[in-house]
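The following paragraphs lead the reader through one protein structure. Please keep the sequence and the model in view while reading.

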Amino acid sequence: MVGNFDLKEEIRDYRSRQPETFDLAFGHRIASSHEAGAVLGPFLFMHAVLPKPLGIFRRHA
C-alpha cells in the first residue's frame, strides 16, 4: 500500500478543498427565483399543455 500513499494524499487534499467552493456550484444552494424559474419553466409548460392521463389503468374496487 506504500505505492498509493501519494494518491491518497492527493485525494485527501482535493476533498479538503471542496467545502470552500461547494456552495458556488449549481444545485448546491437554494436557487434564486430567476434561476428556479429557468429550470422549472419547461416542466410547468409541459404540465399545462400535455393532455392529462385518462386513468384507464386505475384499479376499481
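Which residues make a nonpolar surface patch of about 810 Å²? The patch is made by Val39, Leu40, Phe43, Leu44, Phe45, Met46, Val49 and Leu50. Patches consist of residues with over 30% relative accessible area and no salt bridge, like charges being joined within 9 Å and nonpolar side chains (Val, Leu, Ile, Met, Phe, Trp, Tyr) within 5 Å.

This is a predicted model, in which local features need pLDDT of at least 70 and side-chain atom pairs count only at pLDDT 80 or more, while totals for chains, interfaces and linings use all residues. Residues are numbered from 1 along each chain as its sequence is written, and side-chain values use heavy atoms, with hydrogens and water left out.

The protein has two helices and zero strands; these are DSSP runs, H or I of at least four residues for helices and E of at least two for strands, numbered from the N terminus. Of its 61 residues, 2% count as buried, where buried means under 20% relative accessible area, exposed over 50%, and partly exposed in between (1.4 Å probe, protein chains only). The protein exposes about 6300 Å², of which carbon and sulfur atoms supply 65%; such areas come from the Shrake-Rupley method with a 1.4 Å probe, and for residues only the protein chains shown count as cover.

Leu44 counts as exposed because its relative accessibility is 57%. H2 is hardly covered, with one buried residue among its 17. At 1.5 Å a residue (times one less than the number of residues), H2 should span 24 Å, and its end C-alpha atoms, 23 Å apart, agree with this. A kink of about 45 degrees lies at Leu40 in H2, shortly before the proline Pro42; the bend is the angle between axes fitted to the seven residues ending at a residue and the seven starting there.

The other topic is a charged pair. A search of the whole structure finds one salt bridge, defined as a side-chain nitrogen of Lys or Arg within 4 Å of a carboxyl oxygen of Asp or Glu. Glu9 forms a salt bridge with Arg12, the closest N and O atoms being 2.5 Å apart. Both residues lie in helix H1, three residues apart, about one turn of the helix. Glu9 is partly exposed because its relative accessible area is 26%, and Arg12 is likewise partly exposed, at 47%.
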